[in-house]
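User: I have a chain to go through. Can we look at its sheet and a helix pair?
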Amino acid sequence: MILFDEVSKSFGPRTVLDGFSLEVPDGQTTVIVGYSGSGKSVALKHIVGLLRPDQGRVVVDGQVVHELDRNHLAELRRSIGYVFQFAALFDSMTVEENIRLGLARRGLSQEEVEHRITQSLRLVELEEARQQMPAELSGGMRKRAGIARAIALGPRYILYDEPTTGLDPVTSAVIDRLMIRVRQESGATGVVVTHDMRSAYTIGDRIAMLYEGAIRQVGTVDEIRATRDPLVRQFIEGRPNAPAVSGPAPRTGVGP
Amino acid sequence: MASKGVKQTSTPLFTPSRARPTLQFVQHLLAVRGTGVGGAIERVGRAAIDSLRALTDVRTWAPLVVAQMRRLGVDSVPIAIFIAVFTGIVLALLSSYTFTGAVPLYFVGSLVGKTIMMELGPVLTGMALAGRVGANIAAELGTMRVTEQVDALETLAYDTNAFLIVPRVLAGGIMFPVVTAFAVAIGVTSGWITAVNLLDLSTPEFLKGLRLFYQFKDIWFGLVKAGSFGLAVTLMGCLQGLRATGGAQGVGRAATRAVVLGCEAILVLDAFWAIVLL
């Protein structure tokens, strides 16, 4: 289980997370939605220790991430697959080499490494691009290659940072279907950050909305669809004119 | 779950207090991480510890060193030779111009040899490589940083210092002396050809001058300097690249800073070795 416990994070004078608390149950896909620049990716980076909280803590499998020493942090990272917003493929390596790099030094036999590379590329339907360089791939193919690199590790958790951003609707739907398939086949717990509500409804078991550095509301897909919180409604319906609302979510609304 | 934490309050740098104000001031200095002298010392200390730890991760960096040696060293030989050829020509002609009528002309050999081996060979090669290698490394690692490839490497449980910095710095430390040795040989040869063809000097006279004040130290002094230049230039490139932020503009700034700092480091180290070893 992943737990954000009153996490605060600032960059210079700008506070991005401000008392952010969220529980990510095992075996489910939790989608964190919110406006661009609201700190969704920042939250995700805390899970793998790429960022340290200024206050609060992030707990993964009972371990406080920022208190782990180097070896234990590396051990934790081996159990997490991270799909970056722009895939972050190593551009001096082929797709196969990108996946192989993640599998190296994990005590796997050569046969097992080859098997995992083949399986992960088959799952994302990218076998034909095995020897291609990232620069030769389209945006959607790059995202799929990034997913292949993450799932080849056989992780317990998979973190997706804006997996459908910048893609056309059809390719976005392909990526959504792929994420669902990955969860079904691997059983990995997923955390997805996105501002694409169509995608959130499709892949999420639970949806949490991040607003002004903290969780505004969290619930199942149906609960979020039925929310009475005007701020959440405005976001999920994509209405440009904001209702004049501030302060906490209304008590009558669906939420925690 | 929708709880919102207490607003973070900014900590004043110094709060006046009647009791133990000095202690409180020191505590505040230590609390403001990453700023001021305390922050600089902390950063340097942490970088030193991280570097030592990365050096022990041989399994990560060892397979990458040879490729970096080829990229940083072998590929830099043409530019080093180009510079050495013209340095040799100019040095021969300049010394002849200076010596004419005052000093026997065979001293051209002495000046060309001594100057190229001990100073111009290492420094000019180092400067050229600071531009080529330092900017190359900073741009490459800077691009990796801003496109999250460095983060990706960390999430794959790699030590980025061992994977990115150590192979490049070691390759620089090994290959700069090799490239400099080539440059010295070419520079002296170029000076000799110039002296024989453009000056009134024979080969035996040039060689006589070359041997006159020669010591083995002339060679190793230059190569030791070149090794230190290699370490400094590659380290500057790596550190500036990994600190890049903000896209293409940030990468460009990192590359520029890497070249400037690399050149400055070469000049400082040049003076340092002259003081220590001469």
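Predicted model: local features only at pLDDT ≥ 70, side-chain atom pairs only at ≥ 80, totals over all residues.

User: What order do the strands of the open sheet have?
Analyst: The order is β2-β1-β4-β5 in chain A, with antiparallel pairing. Strands are DSSP runs of E, at least two residues, numbered from the N terminus, and two strands pair if DSSP finds at least two bridges between them.

User: Which are the edge strands?
Analyst: β2 (14–24) and β5 (63–64) of chain A, each pairing on one side only.

User: How many bridges join β1(A) and β2(A)?
Analyst: Eight, with β1 spanning residues 2–11. Lys9(A) has Leu17(A) as its bridge partner, and Ser8(A) stands opposite Asp18(A). The two strands form a hairpin with two residues between them, and Gly12(A) in the turn has a positive phi of about 65 degrees.

User: And the helices: at what angle do α3(A) and α5(A) cross?
Analyst: Roughly 25 degrees, with the axes (lines fitted to C-alpha atoms over the stretch in contact, angles from 0 to 180 degrees between N-to-C directions) coming within 8 Å. Helices are DSSP runs of H or I, at least four residues. α3(A) and α5(A) are therefore roughly parallel, a term for angles under 35 degrees.

Terms used
Residues numbered from 1 in each chain as written. Chains lettered and ligands numbered in written order. Parallel < 35°, antiparallel > 145°, perpendicular 65-115°, else oblique.
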